[in-house]
Amino acid sequence: MTDIIILLIISYLIGAIPFSLLIGKIFYKVDIREHGSGNIGTTNTFRILGKKAGIMVLVLDILKGAIPVYIAMLMAVDMHIFIPGLVSAIGHVYPVFLKFRGGKAVATGAGAVLAYNPIVFIILLSAFLITLKLSKYVSLSSIVAALLFIGLSLMLQDPLVIAFAVILGLVIIIRHISNIKRILNGTESKITFM
């Protein structure tokens, strides 16, 4: 039981590391929270700091979700291996280091899915990219992927994965409510590189 508690605490703390903020301050002398959407996620990093920083943050945020799941696999802990990934995603959304004001859990949640089931990850990534190509909205693409994850989880017929998919999906959707409003108002930013 102790090893499970320690793993969950470590998972949360890994998820809570604000890589975009650290990279912005260390390498660019920029506090990403003061620019663009003010979000510490990958999309705002691309907008404010550029492609190189954006890719770095994207990879690191994906690893934040994947590493706890891999650790759970290696430790062979007596709990569902997706739980540490979900906890890490929650740490990304509510980081203790930033007064619980974090990102939107898309990349970190994707990392957890990647470690748990690479095939599902590829399907979700494909849906994300297709939606992004057609709509040019990162927020809408994230919501579509989150909803699809809930649908795919039903096919996996694992009650815990279904519960985790619903929780993660709801977190992502709730964190994008302001984006949904901007899409409806026609004021949401579109990407230009696709």
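The exercises below concern a predicted model. In this model, local features need pLDDT of at least 70, side-chain atom pairs count only at pLDDT 80 or more, and totals for chains, interfaces and linings use all residues. Residues are numbered from 1 along each chain as its sequence is written, and side-chain values use heavy atoms, with hydrogens and water left out.

**Exercise 1.** Find where lysine 64 lies and decide whether lysine 64 is buried or exposed.

Solution.
Step 1: Lysine 64 belongs to helix 4, residues 51–75. Helices (H or I, at least four residues) and strands (E, at least two) are DSSP runs, numbered from the N terminus.
Step 2: Buried means under 20% relative accessible area, exposed over 50%, and partly exposed in between (1.4 Å probe, protein chains only).
Step 3: The relative accessibility of lysine 64 is 2%, so this residue counts as buried.
Step 4: Apart from neighbours within four places in sequence, lysine 64 has contacts (heavy atoms within 4.5 Å) with Ile14, Gly15, Ile17, Phe19, Ser88, His92 and Thr108.

**Exercise 2.** Describe the backbone and exposure of lysine 99 and of phenylalanine 100.

Solution.
Step 1: Lysine 99 sits in the loop between helix 5 (82–93) and helix 6 (106–116). Phenylalanine 100 is also placed in the loop between helix 5 and helix 6.
Step 2: The phi of lysine 99 is near 55°, a positive value in a residue that is not glycine. For phenylalanine 100, likewise not a glycine, phi is positive at about 65°.
Step 3: Lysine 99 has a relative accessible area of 71% and is therefore exposed. Phenylalanine 100, with 47%, is partly exposed.

**Exercise 3.** State which residues form the nonpolar surface patch and which helix gives the largest share.

Solution.
Step 1: The patch consists of Met1, Ile5, Ile9, Leu13, Ile90, Tyr94, Val96, Phe97 and Phe100.
Step 2: Together they have about 880 Å² of accessible area, computed by the Shrake-Rupley method with a 1.4 Å probe, where for residues only the protein chains shown count as cover.
Step 3: Patch residues have over 30% relative accessible area and no salt bridge; nonpolar side chains (Val, Leu, Ile, Met, Phe, Trp, Tyr) are joined within 5 Å, like charges within 9 Å. A salt bridge is a side-chain nitrogen of Lys or Arg within 4 Å of a carboxyl oxygen of Asp or Glu.
Step 4: Helix 1 (residues 2–15) supplies the largest share, three residues.
Step 5: Isoleucine 90, one of the patch members, lies in helix 5 and is partly exposed at 34% relative accessibility.
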